[in-house]
Amino acid sequence: MKGEYYKTRESVEEYINLAKDVSGKQLIEKLQLVLPVKSALLEIGSGPGTDWKILNEFYNVVGSDNSIEFLKHLTAENPKGEFLELDAITLKTDKKFDGIYSNKVLHHLKDDELIDSVKRQNEILNSNGIICHSFWKGKGSEIFKGLFVNYHSASTLSKAYRKYLKILSIEEYKEFDDNDSLLLFARKK
Ligand SMILES: C[S@@+](CC[C@H](N)C(=O)[O-])C[C@H]1O[C@@H](n2cnc3c(N)ncnc32)[C@H](O)[C@@H]1O
């Protein structure tokens, strides 16, 4: 079952149920301080679509995921929404965006995959574009429910992002426990 979580209907239903009371509202409030309303925004790893719905109130948001099961759910719940099948590492799209957002998605990438993703994010950003991503704070990596999970610090994130983008801030915040998460903002150079 390695790597299957998020890919089967059962696991997607389980995740939607587990995550039903969590949202990235506090992160999106911070995004609104730096990304003007109506901007073209890509969400990577939209999953259940809770954040997509909030983002959709303010932005021209395109949702995405690499899980067909999540994409089926997103399209069924939001028939007027635009959703792309995108892998966070390769981001194969011709579209360009003023902003790119993800909430607890990029921790599934290995260090070298994160660098490839950042390079590609830079390519699909319009000038002055903003990125906003959240991560689990910690050290090392583990396999959880068969999925690779990479923990980060301000220093590992800075190392991955600073070559391509100008880091604006890396802040700790609370998802479940005090300072268990990191929120990164960066701008196209
Ligand atoms: C922990 S869930 C977070 C979902 C949503 N952002 C939220 O806050 O509830 C991780 C999401 O990232 C997606 N994902 C994992 N690896 C991915 C990849 N390489 N490319 C695109 N999406 C990925 C999963 O399918 C899942 O929807």
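Q: Which polar backbone atom lies 2.8 Å from a nitrogen atom of the ligand?

A: A polar contact is a pair of N or O atoms within 3.5 Å; within protein, one must be able to donate a hydrogen and the other to accept it, and residues adjacent in sequence count only if both atoms are side-chain atoms. Here the backbone atom belongs to Ala-88. A polar backbone atom of Asn-103 is 2.9 Å from a nitrogen atom of the ligand, and a polar side-chain atom of Tyr-15 lies 3.2 Å from a ligand oxygen atom. The protein covers 91% of the 590 Å² of accessible area that the ligand has on its own (Shrake-Rupley method, 1.4 Å probe).

Q: On what kind of model do these values rest, and how are residues numbered?

A: The model is predicted: local features need pLDDT of at least 70, side-chain atom pairs count only at pLDDT 80 or more, and totals for chains, interfaces and linings use all residues. Residues are numbered from 1 along each chain as its sequence is written, and side-chain values use heavy atoms, with hydrogens and water left out.

Q: Which residues come nearest to the ligand?

A: A residue is near a molecule if one of its heavy atoms lies within 4 Å of it. Of the 18 residues around the ligand, the nearest are Tyr-6, Gly-45, Asp-65, Ala-88 and Asn-103.

Q: How many helices and strands does the chain have?

A: These are DSSP runs: helices are H or I, at least four residues, and strands are E, at least two. The chain has six helices and nine strands, and its C-alpha trace spans about 40 × 40 × 30 Å along the principal axes.
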